[in-house]
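Please open the model in your viewer and switch to a cartoon view. The tour goes from the sheet to a helix and then to a pocket.

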Amino acid sequence: MTMRSLLSDNSRYTETFHAFLKNSTEHQCMLEFVQKTLPGIISSIGDGKSPLNVLSVGGGTGEIDLQILKQIRAKYPGVAIHNEVIEPNGEQISCYKEHVAKTSGLENITFTWHKETSFEYESRMKASKEMRKLNFIHMIQMLYYVKDVPATIGFFHSLLEPGAKLLIIILSGTSGWARLWKKYGPHLHLSLPSSLILAPDIEEILNEAGMQYQSYELPSHMDITDCFTEGNKNGELLLDFLTETCNFSKTAPPDLKCDIIEDLKKPEYSEMRGGRYFFNNSLNAIVI
Ligand SMILES: C[S@@+](CC[C@H](N)C(=O)[O-])C[C@H]1O[C@@H](n2cnc3c(N)ncnc32)[C@H](O)[C@@H]1O
């Protein structure tokens, strides 16, 4: 077996992403931001507008999207909301639809899912000349997957109505991921087009484009202790997600596997507490 990108296998991707969410505070730290900070940010996106148009780029399975929608709804009671989702992975869309069906309090909110990449959406919109105007757009943990990050931000920024906001959540420059991908990216043949894009890179892009923004720190960690037990299923899923490789444990050259396993235990990557290893998964929320 040779090393293969995790993105080439939708089912495995979904399985590893669930393991990542289960073992990390990724969604908890986002939820705290959505509940405590977002209400202030969206306080002027909808003045006098109806419906409110929201766009989720790379919405995944929708957990965070639904919490964002609840905050918008609470801020603008009685106003209709239309939520569009761009998501290329059909399995993620199915899970998203299940979440919507199971979640109460979404009355007055309509949904449209586009099974396509952000670039396909952009091309389709430009070809149809039907440039919709939006009140809130978010790109949460997805910019690693696009080829041209400045152009993508520029395009979605151009869809904002006056007073609207664009939220980007992305790994911070101090996260363990930043170190892991910088050191091992070339050996892993990471197929993420922009895997080394981190919060400081986004801030530089925004500065160059003259866009005003505010950046918030979201501390987060992932318990990777199981990665150090040979044959542990949870550990194998987490290693796949960390390296963006399908079945990393079984397909990586032994030296590479050994080096990564040893590095992941180091304090630059993980903090050890109570006999467990917590990988630094800190994020930034950047609001434009
Ligand atoms: C790490 S997940 C984040 C999902 C969700 N935003 C969250 O935070 O829970 C990244 C998502 O981006 C999607 N994705 C991958 N390539 C994409 C692209 N080119 N355009 C839009 N979404 C993409 C993936 O299928 C996946 O659902």
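What follows is a list of selections in a predicted model, with a note on what each one shows.

**The sheet.** Select the strands β4, β3, β2, β5, β6, β12 and β7. In that order, these seven strands form an open sheet with mixed pairing. Its edges are β4, residues 109-114, and β7, residues 214-218, each of which pairs on one side only. Ignoring direction, neighbouring strands of the sheet are turned by 15 degrees against each other on average.

Now select α6, residues 118-128. This helix lies across β2, β3 and β4, and runs at about 120 degrees to β3, residues 81-86.

**The largest pocket.** Select G58, P88, Q141, M142 and Y145. Of the 47 residues that line the largest pocket, these are the closest to its centre. The pocket has a volume of about 980 Å³.

Which elements supply at least two residues of the lining each? Colour these:

- the helices α1 (10-23), α2 (26-36), α4 (63-75), α6 (118-128), α7 (149-158) and α8 (176-188);
- the strands β2 (52-57) and β5 (134-140).

Finish on α1, which gives the most to the lining, with four residues. Coloured by class, the lining shows 22 nonpolar, 16 polar and nine charged residues.

Definitions and conventions:
Residues are numbered from 1 along each chain as its sequence is written. This is a predicted model: local features need pLDDT of at least 70, side-chain atom pairs count only at pLDDT 80 or more; totals for chains, interfaces and linings use all residues. Side-chain values use heavy atoms; hydrogens and water are left out. On a 1 Å grid over the protein atoms alone, a cavity is a set of points where a 1.4 Å probe fits but cannot get out, and a pocket is an open set with protein on both sides within 12 Å along at least five of seven lines; lining residues have an atom within 4 Å of a point. Grid points are joined across faces, edges and corners, and a volume is the space filled by probe spheres set on the points. Ala, Val, Leu, Ile, Met, Phe, Trp, Tyr, Cys and Pro count as nonpolar, Asp, Glu, Lys and Arg as charged, and the others, Gly among them, as polar. Two strands pair if DSSP finds at least two bridges between them. Axes are lines fitted to C-alpha atoms, for helices over the stretch in contact, and angles run from 0 to 180 degrees between N-to-C directions. Contact means heavy atoms within 4.5 Å.
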